[in-house]
Amino acid sequence: MLVVNGLVKRFGGFTAVNNVSFKVEKGEILGLIGPNGSGKSTIFNMLSGTFPPTSGSIQFDGSEIAGLPPHRIINRGVGRTFQIPRPFRRLSIFENVALAGYYGQGGGSGGHSLAKANESAEKALAMVGLPTDRDASVDGLGAAGLKKLELAKAIATGPKLLLADESLGGLDEAEMDQAADMLRKIRDELGITIIWVEHIMGVLMRVVDRVMVLDHGEKISEGLPSVVSGDPRVVEVYLGTDADMTQAAAAEARR
Ligand SMILES: Nc1ncnc2c1ncn2[C@@H]1O[C@H](COP(=O)(O)OP(=O)(O)O)[C@@H](O)[C@H]1O
Ligand SMILES: [Mg+2]
């Protein structure tokens with residue numbers, strides 16, 4: 001479904017992503033982990049068209065999408081969530097999601113009608129467990145609610161591939177488990193392929209099919225969670241000497 005080759009992003013003289021290549025198969029959940037600043041969100045920004053790569057190729061469903069603007073990429077079926085949720089505060093939860101459903105599926109240019117956008121919003125909200133009534137306010141949502149809203153907005157755009165950025169940030173442990181189960185449900189029930197970014201390994205290891213590890217903009221490891229969590233390069237570079245954390249990640253991979 002996705003073939004990324006030799007992806008590079010430089011900001012001035014600083015290389016944030018350095019020659020990264022990977023593939024994503026239809027129907028899989030790929031975990032993308034790495035310490036803060038390792039280039040995870042920068043990869044998402046290139047995949048979703050926020051900015052073009054400095055060089056490299058991104059093939060989605062057989063055609064090149066590198067450098068296309070965000071609205072073209074989303075209309076081809078690549079949806080994303082943002083690490084920091086910024087909903088429209090004056091719109092209701094429902095309106096935020098319906099708006100994403102409308103423009104994300106080509107509304108206003110021959111795509112989704114308003115009625116269809118509303119339908120997408122209802123389904124997406126039900127999927128993540130947020131209220132589907134038209135007036136519920138964004139203001140009542142805590143960290144977990146805002147993450148669900150991000151997911152609902154992305155789902156409403158009708159993606160084949162979902163890029164989920166730090167879905168666990170700011171959540172407590174029970175909420176993290178819930179969020180992980182939700183991503184799996186989105187894959188299982190909606191058939192959406194997922195790349196899931198986190199800076200911690202944690203529950204991610206239980207849900208993903210494969211995991212790829214970045215450090216300083218470079219891919220340092222890739223494979224099954226049970227193998228990657230024991231990879232000496234990952235243990236050394238990413239987890240440092242924190243044996244407890246390594247063991248916890250390995251335990252999650254076995255769950
Ligand atoms: N728009 C930008 N301009 C300049 N530097 C950036 C920009 N976006 C990201 N960076 C830098 O690139 C590196 C990777 O950032 P990012 O991809 O956000 O990391 P991660 O998501 O893995 O925490 C960081 O050093 C960050 O400061
Ligand atoms: Mg990030």
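**Ground rules.** I number residues from 1 along each chain as its sequence is written, and I letter chains from A and number ligands from 1 in the order in which they are written. The model is predicted, and local features need pLDDT of at least 70, side-chain atom pairs count only at pLDDT 80 or more, and totals for chains, interfaces and linings use all residues.

**Six-stranded sheet.** I looked up the strand order first. I took helices (H or I, at least four residues) and strands (E, at least two) as DSSP runs numbered from the N terminus, and I called two strands paired if DSSP finds at least two bridges between them. The order is β6-β7-β8-β3-β9-β10, in an open sheet of 6 strands with mixed pairing. β6 (78–80) and β10 (218–223) stand at the edges with a single partner strand each, so one side of each has no neighbour in the sheet. On average, neighbouring strands are turned by 20° against each other, direction ignored; axes are lines fitted to C-alpha atoms, for helices over the stretch in contact, with angles from 0 to 180 degrees between N-to-C directions.

I then followed β9 (residues 210–215), which pairs with β10 in the antiparallel sense over 5 bridges. Val 211 stands opposite Gly 223 of β10. Helix α6 (residues 173–190) lies across β3 (29–33), β7 (161–165) and β8 (193–198), and runs at about 165° to β8.

**Four-stranded sheet.** I found 4 strands in an open sheet of order β2-β1-β4-β5, with antiparallel pairing. Its edges are β2 and β5 (63–64), each with a single partner strand, so one side of each is left without a neighbour. β1 (residues 2–11) and β2 (residues 14–24) are joined by 7 bridges, and Lys 9 has Val 17 of β2 as its bridge partner. Their hairpin has 2 residues between the strands, and Gly 12 there takes a positive phi near 60°. β4 (residues 55–60) and β5 run antiparallel with 2 bridges; Phe 60 is partnered by Ser 63 in β5.

**Positive phi.** Most residues other than glycine have a negative phi. I noted Asn 19, whose phi is positive, near 60°, and which is found in β2. I also noted Asp 61, with a positive phi of about 50°, in the loop between β4 and β5. For exposure I count other C-beta atoms, placed from the backbone, within 10 Å: 20 or more is buried, 12 or fewer exposed, and in between partly exposed. Asn 19 has 14 and is therefore partly exposed; Asp 61 has 14 and is therefore partly exposed.

**Ligand 1.** I listed the residues near the ligand (C-beta atom, placed from the backbone, within 6 Å). Among them are Phe 11, Ala 16, Asn 36, Lys 40 and Thr 42. Helix α1 (residues 40–47) gives the largest share of the shell, 3 residues.

**Core.** A nonpolar core is a set of buried Ala, Val, Leu, Ile, Met, Phe, Trp, Tyr and Cys residues joined through C-beta atoms within 7 Å. The largest one has 64 residues, and those touching the most other members include Val 97, Ala 152 and Trp 196. I checked Val 97 for contacts (C-beta atoms, placed from the backbone, within 7 Å). Leaving aside neighbours within four places in sequence, its contacts include Ala 121, Leu 125 and Ala 156.

Key
Contact = placed C-beta atoms within 7 Å.
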